[in-house]
Every structure is written in structure tokens, then in C-alpha cells.
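Me: I would like to learn how to read a protein model feature by feature. Could we take the fold, then the rings, then the backbone?

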Amino acid sequence: MDLLTTENLHLYYGKKEALKGISLTFQPKEISALIGPSGCGKSTFLRCLNRMNDDLNDVTITGSVTFQQQNIYSPQTDVVALRKKVGMVFQQPNPFPFSVFDNVAFGLRLANHQDKAFIAQRVEESLKKAAIWDEVKDLLHKNALSFSGGQQQRICIARVLAVEPEIILLDEPTSALDPISTLQIEKTLQELKGQYTIIMVTHNLQQAARISDETAFFLNGELVESQPTEKIFVTPQHQATNDYLNGRFG
């Protein structure tokens, strides 16, 4: 069963059309990569999937985003509850300026969980899933900002995991990281795939080829094509995709 589907999704910044009727389906427990040149609409589209664009001025969205058979743009949608189920990890690691433990526990406390044993267990589980537990287990009360960029990003992934999402959105999660940290994040994402649906914007074509199951190519606010990753990299159906994959633009 489809977990998340967009149908004829348009987004306008004022009068400028940034997304031009995107229809795309995401399957459970897969990694989907969104690729394309800068400014083509990938991140804008990603932010539509948990209504992050709601926070911007003069934005108009039409069409639908269906998650668990409900349109998330319905007036009845609880946006806070939605963002627990569809979590977000950003391009720059953005841990809060307090301890590792308090970062990961933040969403739990926001949801009024008060059982200290429950919170401690969930924090440990989430850090383990994010493959950072062994590095921080003796430093849980150290400021998260004191860790390396790659460690900070995995702490941010643990923070998302703590509230038990079904979908994890990642906007260029490794672009600010060194190659070793990038590979650590990629390994973490591959391990998480068995439990979560992951949708990732990336400019790194090798990364998309390495870890994604499906790849969607965006250009000028349009979805050019979406295929299993192996197919799109070997036999793209559109010349524009072929040109992009071969470095002829973007």
C-alpha cells in the first residue's frame, strides 16, 4: 500500500510557480532520492510533505499530499502530529544548544512524556538507531554543539527517531560533511530503511546511486521522471535526465 502520494501538487511563491503539478508516490521502507539542478524545486517539494512551507509568507499550494489515506492539507490536519510522523533533518546539522540527552528527549517532553525511565530508554534506543550511541553514551550531558558535524547530524537524526516517525525527510543531509562522515550517515540511513521510509534531497549523484531504491529527477519545478534507481542511472527515459546524469548541466 502506498504510504505517501502527491497528486498534481503546485506551489506558488507569490505569482511565481515553483512546483508544476508534481504527482509522485513513495512506498514504505524504501529510500527515495530527489535529484536535479539547484533551484529546480527538490527542497520546496520535500518541505511540502510535512507542511514546512506553511511557515513562509505568500505561498499558495494546490493539489494534494496524501499520507495514510488522508490529505495533509485538509483543515482538520494536526500539523504538530503530522510532523511527528513525518520528521525532518536539515542540510546543516542543527542540534539545540544543550546536552545530547536533552536534544533527543526534546520531542518526547514536548509531547508531555514525563516518565524518566521511558525517556531514558527512548533516548538510548534512538541514539543506537542513529549509530551514534557508542560515541556519546558517556557524554550524554555534554553540549551537542561540541561534537563534530557528522556526529551532530546523527544526533539530529536520533532526535527525529525519538518521536517514532514513519517517514524521515532529509534535505542534503551530508552536503556540509566530510567524506568519512558522509559514509557514516549513508550507512546509518541504509540500516534505518528496514524500519522507516526515507525521502532525501541530494546533489550527490553517487550518493543517490549508492543508497536509494527510487530516484526522481526534477527540472524547472517539474518532475521529469521517477524510476527505480538502477534503471534511471542506466536507462533514463528522458534526454534531460541523461544530460544531467552525464554532467551536461546543473
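Reply: Start with the inventory: the protein chain has ten helices and ten strands. Keep in mind that this is a predicted model.

Me: How does the radius of gyration of the protein chain stand against the globule rule?

Reply: The general idea is to set the radius against what the rule gives for a chain of that length. Here the radius of gyration is 18 Å, close to the 18 Å that the rule gives for 250 residues, so the protein chain is as compact as a globular protein of that length. The C-alpha trace spans about 55 × 45 × 35 Å along its principal axes.

Me: What share of the residues is buried, and what does the surface consist of?

Reply: A residue counts as buried under 20% relative accessible area. By that cut-off, buried residues are 47% of the 250 in the protein chain. The chain exposes about 12000 Å², with carbon and sulfur atoms supplying 48% of it. For the contacts, take pairs at least 6 apart in sequence: 66% of these contacts join residues at least 24 apart.

Me: Which way do the residues of strand 6 point?

Reply: In strand 6 (residues 86–89), Val 86 and Met 88 point one way, while Gly 87 and Val 89 point the other way. All four are buried.

Me: Which strand pairs with strand 6, and is the sense parallel or antiparallel?

Reply: Strand 7 (residues 167–171) pairs with strand 6 in the parallel sense, over four bridges. One of the residues to look at is Val 89, whose bridge partner in strand 7 is Leu 170.

Me: How many aromatic pairs does the structure hold, and how are they classified?

Reply: There are six aromatic pairs.

Me: Which pair has its planes at 25 degrees?

Reply: That is Phe 98 with Phe 106: the centres are 6.4 Å apart and the planes are at 25 degrees, so the pair is stacked. Phe 98 is partly exposed at 29% relative accessible area, and Phe 106 is partly exposed at 34%.

Me: Which rings are linked into a cluster?

Reply: Ring pairs link Phe 26, Phe 45 and Phe 218 into a cluster.

Me: Where do charged side chains sit over rings?

Reply: The charged end of Lys 142 is over the ring of Phe 147, 5.3 Å from its centre. Arg 159 lies over the face of Phe 96, at 4.2 Å from the ring centre.

Me: Last, the backbone: which residues other than glycine have a positive phi?

Reply: Among them are Arg 51, with phi near 65 degrees, and Asn 112, with phi of about 70 degrees. Arg 51 is in the loop between helix 1 and strand 4 (59–67), and Asn 112 is in the loop between helix 3 (100–110) and helix 4 (116–129).

Me: Is each of these two buried or exposed?

Reply: Arg 51 has a relative accessible area of 13%, so it is buried. Asn 112, at 61%, is exposed.

Technical notes
Residues numbered from 1 in each chain as written. Predicted model: local features only at pLDDT ≥ 70, side-chain atom pairs only at ≥ 80, totals over all residues. Heavy atoms only, no water. Phe/Tyr/Trp six-rings, centres within 6.5 Å; stacked < 30°, edge-to-face > 60°. Buried < 20%, exposed > 50% of the residue type's maximum accessible area, 1.4 Å probe, protein only. Lys NZ or Arg CZ within 6 Å of the ring centre and 35° of its normal. Helix = DSSP H or I, 4+ residues; strand = E, 2+ residues; numbered from the N terminus. Rg over C-alpha atoms; globule rule 2.2 N^0.38 Å. Contact = heavy atoms within 4.5 Å. Areas by Shrake-Rupley, 256 points an atom, 1.4 Å probe, with all protein chains shown as cover. Pairing = 2+ DSSP bridges.
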